Amino acid sequence: MKITIAGVEYPVEYTVLAEEYIDKKYGGVEKMGSAIDELPGHQKVVEFSALLAMMIDCGISRQRKVAELLHKDYAGPEPLDADAINVLLHPGEIVGTVYAAMKEGNASTIKLEAPKGKNAGAATP
C-alpha cells in the first residue's frame, strides 16, 4: 500500500521483516496491542509512528530489491523516521495506516487453477 506524506508517495509494507521486528519488540503480533495499550497517553501514537517508519522502510527495501532484480536504479523516496512522521501526520492517519498495512500484508490472494490432464478428475474433491 502507499501513503502520501507532504506530497511524496511512500510504500508501506507489512513484510516478513516487519513481523520479525514486531516479534522482537513485543513478543509477537498478538501481544503488540496490549503492550501499546499499556503506554501512557501520546506514547501510544509515538509507538505507532515507529511502526509506520519501520513499515515504510520495509516498503522502500522491497522496492530497492525489485529494482536490483530488474537491473534498474531505485528512483523512489528515502525512508522517514518516526519524528518526521509525528510532525507530518495526524494520529489517526498514523494508527490507521499501520493497521491497514498489517491487514493487507496478511491478506491471501492466491489464485488456484484446476488440475489438467489425464488424472485431473482424481484431484477434484
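Helices (H or I, at least four residues) and strands (E, at least two) are DSSP runs, numbered from the N terminus. The expected span of a helix is 1.5 Å times one less than its number of residues.

This is a predicted model: local features need pLDDT of at least 70, side-chain atom pairs count only at pLDDT 80 or more, and totals for chains, interfaces and linings use all residues. Residues are numbered from 1 along each chain as its sequence is written, and side-chain values use heavy atoms, with hydrogens and water left out.

**View 1. Helix α5 and its span.** Helix α5 covers residues 91-106. At 1.5 Å a residue, its 16 residues should span 22 Å. The end C-alpha atoms are 23 Å apart, which agrees.

View 2. Buried means under 20% relative accessible area, exposed over 50%, partly exposed in between (1.4 Å probe, protein chains only). The buried residues of α5 are I94, T97, V98, A101 and M102. Seen down the helix axis, they fall within an arc of 130°, so they line one face of α5. The arc is that of the directions from the helix axis to the C-beta atoms. An α-helix has 3.6 residues a turn, so residues three or four places apart point the same way. Exposed G92 and K103 sit on the face turned away from the buried side of α5. Contact means heavy atoms within 4.5 Å. The buried residues of α5 pack against β1 (2-5), α1 (16-26), α2 (29-37), α3 (43-69) and α4 (82-88).

**View 3. The largest nonpolar core.** A nonpolar core is a set of buried Ala, Val, Leu, Ile, Met, Phe, Trp, Tyr and Cys residues joined through side-chain atoms within 4.5 Å. The largest one has 27 residues. L51, L52, M55, I56 and I85 have the most contacts inside it. Two or more residues come from each of β1, α1, α2, α3, α4 and α5. Helix α3 gives the most, with 9 residues. Not counting residues up to four places away in sequence, I56 touches I5, Y10, P11, V12, P79, L80 and I85.

**View 4. Where α2 meets α3.** Axes are lines fitted to C-alpha atoms, for helices over the stretch in contact, and angles run from 0 to 180 degrees between N-to-C directions. Helices α2 and α3 pack at an angle of about 140°, with their axes 9 Å apart. M32, I36 and D37 of α2 make the contact with K44, E47, F48 and L51 of α3.

**View 5. A6 in a loop.** A6 lies in the loop between β1 and β2 (8-11). Its phi is positive, about 55°, although A6 is not a glycine. At 65% relative accessibility, A6 counts as exposed.
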